[in-house]
Amino acid sequence: MADILDGKETAASLEKVLRARLAALREKHYEPKLAVILAGNSKPSAMYAAFMQKVAKGYGIESEIFRESEDITEEELGSLITDLSHDREITGILMMMPLPAGIDSEKMIALINPDKDVDGLTDTNAGRLFAGKDGLFGCTPRAVMAILDHYGINPDGKKAVIIGRSNVIGKPVSLMLLKKNATVTICHSHTKNLKEITREADILVAALGHAGAVTADMVKPGAVVIDVGINRVNGKTVGDVDYEPVSRVAGAITPVPGGVGSVTTAMVIENIITAGEKQAK
Ligand SMILES: Nc1nc(=O)c2c([nH]1)NC[C@@H]1CN(c3ccc(C(=O)N[C@@H](CCC(=O)O)C(=O)O)cc3)C=[N+]21
């Protein structure tokens with residue numbers, strides 16, 4: 001039976017360090033504040049925004065959710081983002097994706113001040129990640145790395161296979177694993193012989209957004225399986241991995257819920273602190 005890679009335990013282990021960094025910020029009389037932009041009526045986004053606000057409150061970090069209707073115009077959303085980007089009171093901006101249909105997301109993301117881009121959406125931060133530099137990077141990919149780190153799973157020299165190539169998860173995770181000297185393969189909908197490739201993985205990251213898509217016959221015995229999926233099936237949150245059978249083959253596995261998702265919010269907190277440390281100077 002696979003070892004459980006527990007997201008709640010990982011997040012709890014990060015808490016001490018994050019609180020210490022926050023205290024140091026407050027000694028400099030800097031009070032971080034998070035702006036969450038929730039445009040439209042995506043349920044997962046509303047749930048996550050509320051969850052994020054609760055976690056921020058737990059750290060004593062003020063946050064404000066800017067709820068905007070589904071029919072907000074690009075001009076209105078653009079001016080909100082621009083105002084928040086210039087507002088010295090605001091440390092970080094978390095814009096929930098996806099945005100309402102008809103809004104040009106790239107255009108809106110480009111208006112976010114990169115130094116406040118706590119979800120690593122801007123080209124500036126994507127470029128920094130690409131170049132192996134420091135920056136503010138996406139919280140879900142960083143949650144994957146935090147779990148590996150917490151459990152002492154060193155990607156160096158390992159075969160890492162990522163299924164999914166989204167800008168939000170698949171691509172950033174592969175770059176972060178590459179930076180830790182893994183040998184990285186990115187699979188996607190056009191990949192042939194997917195099973196042969198995934199069965200070679202020492203570390204398999206499922207980020208394709210299909211419930212139960214990763215089955216036991218796709219996993220090398222003893223492999224580390226990281227499930228980034230957040231799918232709602234019959235009102236339950238399930239991952240991209242067919243959990244029961246895969247946990248009998250894998251060496252270690254993240255559950256959903258209670259895995260990557262539970263660490264994502266801690267990664268937002270960390271990015272707010274990092275942004276604050278830069279702004280407090
Ligand atoms: N710019 C942007 N960044 C995001 O990271 C982003 C987003 N937009 N839009 C919405 C999705 C959704 N999302 C979740 C993250 C964690 C949980 C989470 O914590 N889930 C818990 C509990 C889930 C449950 O029990 O239902 C868990 O997996 O343990 C859920 C949903 C981030 N999102």
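Here is a short chat about how some terms apply to this predicted model.

User: What should I know about the numbering and the cut-offs here?
Analyst: Residues count from 1 along each chain as its sequence is written, and side-chain values use heavy atoms, with hydrogens and water left out. As the model is predicted, local features need pLDDT of at least 70 and side-chain atom pairs count only at pLDDT 80 or more, while totals for chains, interfaces and linings use all residues.

User: What makes strand β2 largely enclosed?
Analyst: Strands are DSSP runs of E with at least two residues, helices are runs of H or I with at least four, and both are numbered from the N terminus. Buried means under 20% relative accessible area, exposed over 50%, and partly exposed in between (1.4 Å probe, protein chains only). In β2 (residues 33-39), 7 of the 7 residues are buried, so the rest of the structure largely encloses this strand. Lys-33, Ala-35, Ile-37 and Ala-39 sit on one side and Leu-34, Val-36 and Leu-38 on the other, all buried, so both faces are covered.

User: How do you know that β2 pairs with β3 and with β4?
Analyst: Two strands pair if DSSP finds at least two bridges between them. There are 7 bridges from β2 to β3 (residues 62-68), and 4 from β2 to β4 (residues 92-95). Both pairings run parallel. For instance, Leu-38 has Arg-67 in β3 as its bridge partner, and Val-36 stands opposite Leu-94 in β4.

User: Why are β3 and β4 called edge strands?
Analyst: The open sheet of 3 strands has the order β3-β2-β4. In it, β3 and β4 each pair on one side only, and that is what an edge strand does here.

User: Why is α2 called oblique to α10?
Analyst: Axes are lines fitted to C-alpha atoms, for helices over the stretch in contact, and angles run from 0 to 180 degrees between N-to-C directions. Helices α2 and α10 (residues 260-279) pack at about 60°, with axes 10 Å apart. Under 35 degrees would be roughly parallel, over 145 roughly antiparallel, and 65 to 115 roughly perpendicular; the rest is oblique. So α2 is oblique to α10.
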